[in-house]
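Subject: A structure for you to look at

Hello! Here is the structure I promised to pass on, and I hope you enjoy turning it around on your screen. Please open it first and then read on.

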Amino acid sequence: MTSTGNATPPVVDCATWEKELAALRVREKAATRELDAIAAQRRRLPMVEMPEYVLEGEEGPVRLAEVFGGHPQLIVYSHMWHEGAAWQCPGCTGFTSQFTRLAGLEKFDARFVVVTQGPIDEALAYRSKVGNTMTWYSTANSPFGADVGAPPDAGFALNVFLRDGDTVYRTWHTDGRGVEQFSYLFGLIDVLPYGRQEEWQDSPAGWPKSPTYSRWASSQEIAAAYGAGGG
């Protein structure tokens, strides 16, 4: 038992541990190869042409083709937004707070931005409040958000687009737990002995468990750590 009263993994000799790790590595390598195969299938997906949308940026109205910033590829995260709320979705706030160095995407001819249904002035104020460093756009006056799976007051989504001149195509979409693969935080948590410590998780008897989401950082905590409006 630990000092906190939680159960712990059994203690074994080094040779036994190496054997168990090697057995797990077989499954981990198989999962890696499956992810490679999934990515290969993703690259072969067809695409659909998008209408001409106009979003609101920090400098005013901007066409969707201009959001690419001169690149041919674009990743868009649709941040959940509830009108009038002082603190927006903690999951979205925490997820987007992880992306602080995105210049490497430019080497792959791509850009990653946030869009939200909130009015642009409110969206930019919230971005500053929680210390977010990504470029934000508003779809408050456009059907774009609803058309890509993130309608007002409901849901979040991740979409990928390809631009050919001024014509924009939608190439991929996910939402819900499909977005998790882009969170480095979950990747780190999942290699910890106790994992996420959530009720749904398959863990040995005696492992600590909490209600789902209860350990996630709140929007206020994100703001206190990174932004101008915490406390």
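Below are some notes on what was found in it, from the whole chain down to single residues.

Before the details, please keep in mind that this is a predicted model, in which local features need pLDDT of at least 70 and side-chain atom pairs count only at pLDDT 80 or more, while totals for chains, interfaces and linings use all residues. Residues are numbered from 1 along each chain as its sequence is written, and side-chain values use heavy atoms, with hydrogens and water left out.

**The whole chain**

The protein chain has seven helices and eight strands; here helices (H or I, at least four residues) and strands (E, at least two) are DSSP runs, numbered from the N terminus. Along the principal axes, its C-alpha atoms fill a box of roughly 65 × 45 × 30 Å. Of the 231 residues, 35% are buried (buried means under 20% relative accessible area, exposed over 50%, and partly exposed in between, with a 1.4 Å probe and protein chains only). The accessible surface is about 13,800 Å², and 55% of it belongs to carbon and sulfur atoms; such areas come from the Shrake-Rupley method with a 1.4 Å probe, and for residues only the protein chains shown count as cover.

How much of the contact pattern joins residues at least 24 apart? Among contacts between residues at least 6 apart in sequence, the share is 60%, where contact means heavy atoms within 4.5 Å.

**A buried threonine**

Thr139 sits in the loop between strand 6 (136-138) and helix 5. Is Thr139 buried or exposed? Its relative accessibility is 1%, so Thr139 counts as buried. Leaving aside residues up to four places away in sequence, Thr139 touches Leu55, Val115, Thr116, Gln117, Phe144 and Gly145.

**Salt bridges**

Side chains of opposite charge can pair when their charged atoms come close. Seven salt bridges turn up in a search of the whole structure (a side-chain nitrogen of Lys or Arg within 4 Å of a carboxyl oxygen of Asp or Glu).

One of them joins Glu28 and Arg25, with the closest N and O atoms 2.4 Å apart. Both residues lie in helix 1 (residues 14-43), three residues apart, which is about one turn of the helix. Glu28 counts as partly exposed because its relative accessibility is 34%, and Arg25 is also partly exposed, at 35%.

Arg63 meets Glu66 in a salt bridge (3.8 Å, N to O), and Arg63 forms another with Asp166, where the closest N and O atoms are 3.8 Å apart. This second pair links distant parts of the chain: Arg63 is in strand 3 (residues 60-63) and Asp166 in the loop between strand 7 and strand 8 (167-174), 103 residues apart. Elsewhere, Arg177, Glu180, Asp190 and Arg196 are linked in a network of salt bridges.

**A negative patch**

Which residues gather in a patch of negative charge on the surface? They are Glu83, Asp121, Glu122 and Asp153. Patch residues have over 30% relative accessible area and no salt bridge, with like charges joined within 9 Å and nonpolar side chains (Val, Leu, Ile, Met, Phe, Trp, Tyr) within 5 Å. Lys and Arg count as positive and Asp and Glu as negative, without His and the chain ends; each charge is placed at NZ of Lys, CZ of Arg, CG of Asp or CD of Glu.

Asp121 is in helix 4 (residues 120-129) and, at 63% relative accessibility, counts as exposed. Asp153 lies in the loop between helix 5 (144-147) and strand 7 (157-164) and is partly exposed, at 43%.

Happy exploring!
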